[in-house]
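The sequence and coordinates come next.

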Amino acid sequence: MAEMRCRKSAALEGEAAEESRSVAAEEEEERRESRGDEDGQEERVQPSTRKSAAASWLQSVLRMFFGAMAAVACGMLYAGYLSGFHDRKFWFSSRQELEREASFPGGSGLYYHYYKRLLAAPSFSSGFYELTEDNGTVSGRTINAVERLFLYPEVITSFLYRVTGSQNRVEPVSFYLGSVFGLQAVCVSALFVCSWALSGTCVAGMLAVSWFVINRQDASRVEQGVPLRENWALPFFSCQVAALTGFLSRSTGSASEMFCYLMLSACSFSFLLLWELGHYFLFVQGVCLVLLDSLDLVPPRKTADIYRAYLGSLVLVYLAQFQNASLLSSPLLSLLIGSVPARYLQRKMKMKMKVGRLGARVMKLLQVHLVFSCVFTCSFLVKKLLPDSGADFTLQLLEAKLGLNSTADFVINFLLCQEALRAPGQDLFLRLTQTSLLPFYVLVLTVCLLSALQAAFRRLSGRPISSSPRLEDGRIGEQPAVAYHLLHTLLLGVLTLLFDGVKYLWTPSVCMFTAFGVCSPDLWMTLFKRLRLKSVHPVVLSLILSTAVPTIIGFSLWREFYPRVLAELADLQEFYDPDLMELIAWIRSQAPSVFAGSPVLLGTIKLCSGSVVTSLPVYSDLDLLRRTEDTFQVYAMMSAEDVYKRLAAHRTAFVIVEESICSDVQLRTGCRVKDLLDAANRQVSPAAGPTHRDTF
């Protein structure tokens, strides 16, 4: 019995062990099945995820492709329009060479004269050397024309004309005009891309281009004078602004950020190289970045990188422009130097002490104060160390413009009477209002300004700002690129109220910024947050308005202004000045002589006849302006002996007296040449106003 019980217990234990093994096997099998199911699910989910990622990538690529094609198409259409309009206006294709050259208005043909000289030279290097040692343009002087007149556009264009073998296919003048019109296409495409990058939709780019074309009278001077320096430089400025927008919008360390930074550096260099006034407008950009950096609306590292790009471009242009002293006295260089100690002290103060809200505000104010104190200090030192840099004259001109100091100096008053340095008329704002640009600009500006001020207050109060704001937040002013464009367009607008010539930078900026605003759901969401809209869901309404409003604006612009644009192409205008052609024919028949006259007329004479002149239509060279003053003395109340002595000092053989200057009766402007000369010569008091007299 005992043996049977032992066998029975052993059997029971064996059964239990076998049962436990079977249970364990079942559990293991279940685990395997579960793992197999999970693996199957992963295998099923992974292809779908890859497909969705590939679809989104393909969608973004297609969006980028069609957007880029639209930007290029807009630029090419605008270039074709300019070419057709220019040919219709001046009958350019059916004119003789002399009549074509005489059609360049405002003395701008002087730059084309140097382009012809470079092409007529035996080689490019010999022609370039002749321009650097030019003694056949201004009487009694050997000038470096490349430095004084910023002739790198003509240098580069003539080089491309030679190396591309275009001599047998394209006329020199057609290649020259095509280069300028091509750059205008680049300008329009850059505006398209900039507005597109800010808003995220191509509709904003199309709307920006439409406003630009309709308001081109106040957005570009290409119709007033094709070879003007700003027509070459401003397209690169538009590309620089677009690259700066992308650099501020991209995440730190990304490949797209590096690409935008390289574009920013290259376009800044080109802009400074092609226009003598370029460093002033980069200074305005620098001031915007200083203020945004002080308010923590732009990352400090990106601000420092942009300053490095400015400094590198300025140094390279200084070397390329034969150590031009005016670049050393530029406010941009003073700003870059002044920002170094300010940023160093700010970083040291943050490391050594813990500041609260009040301390942070004080530090921001100290940073701005220190930067601008260094700017004025550097400008003062440059004026003392480099008296020939023109810094003192620029300061006098600015003081006279702002009414801080009255002067009887002819050169200063003559410059202030130029259209570019005069205050704009009310017709500018009337034209912008008629095209619906100004009302929407005020709306976009107000919403973005209030949002940016709120963001600045949040930072000064120590509250964080989201690095990636959502649409539901309604904080468009927290985006660094939006904050930059907001402040940039404000500063350019203030300068436009003082100088009419700045409108050619401000109006394109307004077109781009306004188009971005009305097409951006973020702006409408920010507006609805301000209005505390609750009857309709604000996100849905903002998405609807960001599509409906641009559509309505575009349709109204197309309906009203598209027929006008086509009518301008169909309008055949007549341009012919028989008196000027007769004068040029007579000058060509004379022996080589030195001619004196108004700068605008002398520029045309130099282009069409090649004669030596006493001055040039260059308003950034003080010595040439003084020569112009001596030439204009024929209209002043000065004795014939004194006038003869002044003209003989410049080896003048003939003086061209213009009836338009003699018979000028514009009493209300106070800019008659005769009155300015009499005031400068102390013949009359500057406060006496215009005099009623005849010169002869």
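## Aromatic pairs and surroundings

The predicted model holds 30 aromatic pairs. Two of these are set out below, each described by the distance between ring centres and the angle between ring planes.

| Aromatic pair | Centre to centre | Angle between planes | Class |
|---|---|---|---|
| F192 and W196 | 6.3 Å | 70° | edge-to-face |
| Y441 and F513 | 6.5 Å | 70° | edge-to-face |

The two partners F192 and W196 are four residues apart in helix α7, which spans residues 172–199, so about one helical turn separates them. Both F192 and W196 are buried.

Elsewhere, ring pairs join F104, Y112, Y115, Y176 and W232 into a cluster. Charged side chains also meet aromatic faces: R229 lies over the face of Y111, at 3.8 Å from the ring centre, and K302 lies over the face of F247, at 5.3 Å from the ring centre.

## The second largest pocket

About 1300 Å³ of space lies in the second largest pocket, and its lining is made up of 43 residues, of which A197, G246, L248, S249 and R250 lie nearest the centre. Two or more lining residues come from each of the elements α1 (2–90), α7, α9 (229–249), α10 (255–274), α12 (300–320) and α20 (480–498). Helix α7, which also carries F192 and W196, gives the most to this lining, with nine residues. Sorted by class, the lining has 27 nonpolar, 11 polar and five charged residues.

## An enclosed helix

Helix α29 covers residues 673–680, and seven of its eight residues are buried, so the helix is largely enclosed by the rest of the structure. Which residues of α29 are buried? They are V673, K674, D675, L676, L677, D678 and A679. These buried residues pack against α17 (410–416), α26 (622–631) and α28 (659–662). After α29 comes R682, whose phi is positive, near 60°.

Notes: Residues numbered from 1 in each chain as written. Predicted model: local features only at pLDDT ≥ 70, side-chain atom pairs only at ≥ 80, totals over all residues. Heavy atoms only, no water. Phe/Tyr/Trp six-rings, centres within 6.5 Å; stacked < 30°, edge-to-face > 60°. Buried < 20%, exposed > 50% of the residue type's maximum accessible area, 1.4 Å probe, protein only. Lys NZ or Arg CZ within 6 Å of the ring centre and 35° of its normal. Contact = heavy atoms within 4.5 Å. 1 Å grid on protein atoms, 1.4 Å probe; cavity = no way out; pocket = protein on both sides within 12 Å on 5 of 7 lines; lining within 4 Å. Points joined across faces, edges and corners; volume = space filled by probe spheres on them. Nonpolar A, V, L, I, M, F, W, Y, C, P; charged D, E, K, R; others polar.
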